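Colleague: I have a model open and would like to go through a few of its residues with you. Could you take me through it slowly?

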Amino acid sequence: MNQIAQHLLQVKERIVQAAKQAGRGADHIQLLAVSKTKPLEAIQAAYGAGQRRFGESYAQEAALKIDTLRAQADYADIEWHFIGPLQSNKSRLVAERFDWVQSVDRDKLIERLNNQRPAGLPALNVCLQINISGESSKSGTSEQEIFRLAALVAQSERLVLRGLMAIPEHTSDEVVLATQMRRMQALFTELARQYPSVDTLSMGMTEDLEPAIAHGSTMVRVGTAIFGARDYA
Ligand SMILES: *Cc1c(COP(=O)(O)O)cnc(C)c1O
């Protein structure tokens, strides 16, 4: 078995254990393999091991990878998630290729993605990114804006509101982390109560997937633990 396949098994085992600890079913937690900066061969190895959901953060790099893999019929069933900060002038690249955008955080992006989503494709799945730590280095909207932006997405014919995404603070302080994750869980619960299409709380990465699962995450986004360290970003 190749190393990526082995790493995938280890990550799935972490998910199973964390779910068990939290008294949840592991089948309620999806694994998004974050392949940003990694070569096509890495994606192909993970695909060969059964992985079908992939996350990318850089619009141009991702467009090239997706177009190359789509040209090979074998990879047609990959579900692509855009998870990085999205400049408005790159929105078309994303609207034309991805199945999900998890990093939606402003009116203009909602409007552009809705206008640019091709008619021949299913509606684009959208998560609102919340800057739950309030750090100025992080993208995402504020907690106060969530319900207004959610209403805009819900009114957009070519978009489907699926939930919330967050990158909690990178900290060894478990109380700070748990506080931020608990707030995300509460916001997600309220949003799901208001919108039947909402089923996704995207939270948890290599370093914090266990507490994220303890706080209701339904999708963990894992890069390093599957593909190894990145040279950049
Ligand atoms: C890079 C990235 C990840 C994966 O992070 P790892 O620590 O490598 O698991 C998850 N989410 C987002 C939004 C990212 O940009």
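**A walk through the model**

Modeller: Let us start with a polar contact of 2.8 Å, which joins the side chains of E190 and Q194; the term stands for a pair of N or O atoms within 3.5 Å, where within protein one must be able to donate a hydrogen and the other to accept it, and residues adjacent in sequence count only if both atoms are side-chain atoms. Please keep in mind that this is a predicted model, in which local features need pLDDT of at least 70 and side-chain atom pairs count only at pLDDT 80 or more, while totals for chains, interfaces and linings use all residues. Residues are numbered from 1 along each chain as its sequence is written, and side-chain values use heavy atoms, with hydrogens and water left out.

Colleague: Where does E190 lie?

Modeller: E190 belongs to helix 7, residues 174-194, where helices (H or I, at least four residues) and strands (E, at least two) are DSSP runs numbered from the N terminus.

Colleague: And why does E190 count as partly exposed?

Modeller: Because its relative accessible area is 26%, and the classes are buried for under 20%, exposed for over 50% and partly exposed in between, with a 1.4 Å probe and protein chains only. In space, the C-alpha atoms of E190 and F147 are 9.6 Å apart, although 43 residues separate the two in sequence.

Colleague: Changing topic, which residues surround the ligand?

Modeller: The ligand is surrounded by V34, K36, S57, I83, I167, M205, T206, R221, V222, G223, T224 and R230, each with a heavy atom within 4 Å of it.

Colleague: What are the distances from its oxygen atoms to G223, T224 and R230?

Modeller: An oxygen atom of the ligand is 2.9 Å from a polar backbone atom of G223. For side-chain N or O atoms, a ligand oxygen is 2.6 Å from one in T224 and a ligand oxygen is 2.8 Å from one in R230. Of the 390 Å² of accessible area that the ligand has on its own, the protein covers 90%, as computed by the Shrake-Rupley method with a 1.4 Å probe.

Colleague: What about T37, is it buried or exposed?

Modeller: T37 counts as buried, because its relative accessibility is 18%. T37 sits in the loop between strand 1 (30-34) and helix 2 (40-48), and it has a positive phi of about 70° although it is not a glycine.

Colleague: Where is D105, then?

Modeller: D105 is in the loop between strand 4 (100-104) and helix 5 (107-116), and it counts as buried at 16% relative accessibility. Its C-alpha is 5.6 Å from that of Q129, with the two 24 residues apart in sequence.
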